[in-house]
Each structure stands twice: as structure tokens, then as C-alpha cells.
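Visitor: Could you take me through this protein by question and answer, with the cut-offs behind each term?

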Amino acid sequence: MASKSNTEVIIGGKVYTLSGYEGEEYLQRVAVYINNKINEFNEMEDFRRLTVDMKATLIQLNIADDYFKAKDRIEKLEQDLEQKEKEIYDLKHELITAQIQSETSEKENKELELQNRELTLKKTQLESALEDALLGPLEQGQEPQTPVYDSSLEDMLDDALADSIPQMEPAKPNGSKNKKGKK
């Protein structure tokens with residue numbers, strides 16, 4: 001704890017010795033504030049006509065008014081600060097949630113890219129196997145033979161085609177009516 005100090009100040013033209021734990025600079029600021037209030041009131045014509053007690057009371061009331069206004073401003077600022085801290089907390093929470101969603105989306109995207117590469121490779125292999133099965137004898141100079149189908153290859157090709165081609169409804173015949181001509 002700081003030691004108690006004595007400071008001489010001038011208030012209203014009189015020298016006072018203030019004693020307190022605050023520093024001399026602070027006590028001088030308090031004295032300047034009070035002197036400014038006294039000077040503010042002394043500039044009013046009606047104030048100069050009042051008794052000394054009435055002047056002191058008006059200055060005290062004015063200082064108390066300044067105090068309560070400052071206190072109200074502090075409370076409002078503290079409420080604003082509290083609100084801002086809550087908003088910051090909410091924004092941080094939203095940011096963390098968005099980061100988690102982004103990471104999840106990136107992970108899903110990588111998995112889908114990997115699946116796409118695997119399916120593309122599988123498609124290329126199936127196309128190559130189909131080409132070999134259909135064109136292989138022609139390239140070797142042999143007579144074309146009736147292709148021998150591997151049922152597992154055919155099943156894989158059917159599955160790949162079913163996944164990539166939308167199912168189509170068979171076309172319905174036009175509802176044309178027979179017109180009977182007059183004879």
C-alpha cells in the first residue's frame with residue numbers, strides 16, 4: 001500500500017493541505033476541477049449575489065451532478081462492453097462452427113475426389129476390357145468370332161452403365177384415331 005502524502009493546493013484563492021494515499025498530481029487535478037467549477041459559477045451575475053453557504057451548496061450540487069452523470073456513463077459503457085463481449089463470444093462460436101463445417105466439407109470433398117478417381121480408373125479398365133473382348137481377334141489378324149462374354153464383365157458393365165445413364169421410359173404410341181372417310 002502506498003504511503004500517505006500531504007499536498008498543498010489552492011482552492012478558491014485559499015491554500016489547503018490535502019492528505020491522502022493518492023499522488024500529488026492527482027490531488028492537484030482535483031483542486032483544478034473544483035476551481036474550474038467555482039470560476040464557472042462566479043461568471044454568473046445571480047451567483048455572485050448569493051450567500052456563501054448558498055454558493056457552496058450550489059457548487060456541491062453541481063459536482064454531485066457531474067459525479068452521477070459520469071457514473072451513469074460508466075454503467076452504460078460497462079453494459080455496452082458486456083454486450084460487445086457477448087457478441088464477440090457469439091461470433092467466435094460461429095467462426096468455430098464454420099471452421100468445423102469447412103473442415104468436414106473439405107474431408108468429404110477429398111473422399112469424393114478419391115471415389116471419382118477410383119471410378120474413372122474402373123471405367124477405363126472396363127472400357128479397355130470391353131475393347132479387348134470385341135476387337136482383340138481383329139487386331140491379331142484372326143477371323144472375327146462370335147464374342148464370348150464373361151458374365152462377370154457383363155455384370156460390371158451393366159452396373160456401371162446403370163449408375164451413369166438415367167432410366168428412360170419406353171415411348172408410348174400416339175393416340176391417333178382411325179378416321180372413317182365417307183364413301
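**Contacts, burial and ring pairs**

Guide: The side chains of K37 and N62 make a polar contact at 2.7 Å, where a polar contact is a pair of N or O atoms within 3.5 Å, and within protein one must be able to donate a hydrogen and the other to accept it, while residues adjacent in sequence count only if both atoms are side-chain atoms. This is a predicted model, in which local features need pLDDT of at least 70 and side-chain atom pairs count only at pLDDT 80 or more, whereas totals for chains, interfaces and linings use all residues. Residues are numbered from 1 along each chain as its sequence is written, and side-chain values use heavy atoms, with hydrogens and water left out.

Visitor: In what order do the elements of the protein run from the N terminus on?

Guide: Helices (H or I, at least four residues) and strands (E, at least two) are DSSP runs, numbered from the N terminus. The protein has 4 helices and 2 strands, and from the N terminus on the order of its elements is β-β-α-α-α-α.

Visitor: Is K37 buried or exposed?

Guide: K37 lies in helix 1, residues 24-42, and, leaving out residues up to four places away in sequence, K37 touches I59, N62, I63 and D66, a contact being heavy atoms within 4.5 Å. Buried means under 20% relative accessible area, exposed over 50% and partly exposed in between, with a 1.4 Å probe and protein chains only. The relative accessible area of K37 is 9%, so K37 is buried.

Visitor: Which residues of helix 1 are buried, and what arc do they cover around the axis?

Guide: The buried residues of helix 1 are L27, A31, N35, K37, I38 and F41. Because they cover an arc of only 155° around the axis, they are on the same side of helix 1, the arc being that of the directions from the helix axis to the C-beta atoms. The face turned away from that buried side carries the exposed residues E25 and R29, and the arc asked for is 155°.

Visitor: Is T7 buried or exposed?

Guide: T7 belongs to strand 1, residues 5-11. Apart from its neighbours within four places in sequence, T7 is in contact with Y16, T17, L18, E24, L27 and Q28. With a relative accessible area of 3%, T7 is buried.

Visitor: How many aromatic pairs does a search of the whole structure find, and which pair is edge-to-face?

Guide: Rings of Phe, Tyr and Trp (its six-membered ring) pair if their centres lie within 6.5 Å, and planes under 30 degrees apart count as stacked, over 60 as edge-to-face and the rest as tilted. The search of the whole structure finds 2 aromatic pairs; the rings of F41 and F47 have centres 5.1 Å apart and planes at 45°, so that pair is tilted. With 5.1 Å centre to centre and 75° between the planes, the edge-to-face pair is Y67 and F68.

Visitor: Is F68 buried or partly exposed?

Guide: Y67, at a relative accessible area of 48%, is partly exposed. The relative accessibility of F68 is 46%, so F68 counts as partly exposed.
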